[in-house]
Amino acid sequence: MMLWHAWPQAMANGETAMAAAEIPAAPDQVLAALVTSEVERWWGSADTYRMTGWTADLRVGRSWSVVVRSADGRHLPASGKFLEIEIPRRIVQTRRYDWDHPTLGRRETTVAYLLEPAAGGTRLTVCHGGFAGLTDAAAEHADGWARVLGWLQRYSGAET
C-alpha cells in the first residue's frame, strides 16, 4: 500500500505565511522532529543552511534557541519562547532572528504548528504571523516553510 503524498503547499497574505503538508509519521513523532534537537538531523541542506546547537525547555513561557549555519559558513542565531503547548496537537512559539535578517530584521514573529492525524500520518499546518508591513518577508517565509516541510517529508520517509 502506498501512502498518498502531497507536496507542501504555502502562501502568504502579507501578514501571515502559511504552509501545510502530509507527513508520513504519527503526530508525536512529527512534533518531536519540530521542537527537539532532532531538528539538527533534517532541517536544512548542504546548499542552504543547517540547524545546530538546538536547545529548548518545552514548557509554556520557557525558551528555545538554535544557530543556523549558512552554506557560506555564517552562524546566525535565532530564539524564542513557547506560548502554548498542547502535545501532540499544537505548539505556538515566538521566533526572532538575533541578527539583521535581510527582509525581517530582528522582528519577533509567532509560529504555530498544528498537527492533525491523517491517513498514513499527520497533516501539519504552519501559521507564521507577525509580518505586518513586511510583505516580502511574509512571501519569503512562506517559500521557506514549503522547503522545510519538504525536508520533513523526506526525513519522515515520504517518497518524492
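**Exercise 1.** Aspartate 57: what is its relative accessible area, and which class does that put it in?

*Solution.* Keep in mind that this is a predicted model. Start with the value: aspartate 57 comes out at a relative accessible area of 25%. Now bring in the cut-offs: buried is under 20% and exposed is over 50%, with partly exposed in between. So aspartate 57 goes down as partly exposed.

**Exercise 2.** Find out which side chain meets that of aspartate 57 in a salt bridge.

*Solution.* Go to arginine 62: its side chain and that of aspartate 57 form a salt bridge, at 3.2 Å from N to O. Then check the arginine's surface: arginine 62 has a relative accessible area of 37%, which makes it partly exposed.

**Exercise 3.** Work out how exposed the two partners are in the salt bridge between aspartate 100 and arginine 106.

*Solution.* First the contact: the side chains of aspartate 100 and arginine 106 meet at 3.0 Å, N to O. Next, aspartate 100 has 57% relative accessibility. Exposed means over 50%, so aspartate 100 counts as exposed. Arginine 106, at 41%, is partly exposed.

Salt bridges with shared partners also tie Glu84, Glu86, Arg89 and Arg90 into one network.

**Exercise 4.** Take arginine 90 and glutamate 84 and describe their salt bridge.

*Solution.* Their side chains meet at 2.9 Å, N to O. Arginine 90 is partly exposed at 22% relative accessible area, and glutamate 84 is partly exposed too, at 32%.

**Exercise 5.** How many salt bridges does the structure hold?

*Solution.* The count is nine, and the pairs worked through above include arginine 62 with aspartate 57.

Key:
Residues are numbered from 1 along each chain as its sequence is written. This is a predicted model: local features need pLDDT of at least 70, side-chain atom pairs count only at pLDDT 80 or more; totals for chains, interfaces and linings use all residues. Side-chain values use heavy atoms; hydrogens and water are left out. A salt bridge is a side-chain nitrogen of Lys or Arg within 4 Å of a carboxyl oxygen of Asp or Glu. Buried means under 20% relative accessible area, exposed over 50%, partly exposed in between (1.4 Å probe, protein chains only).
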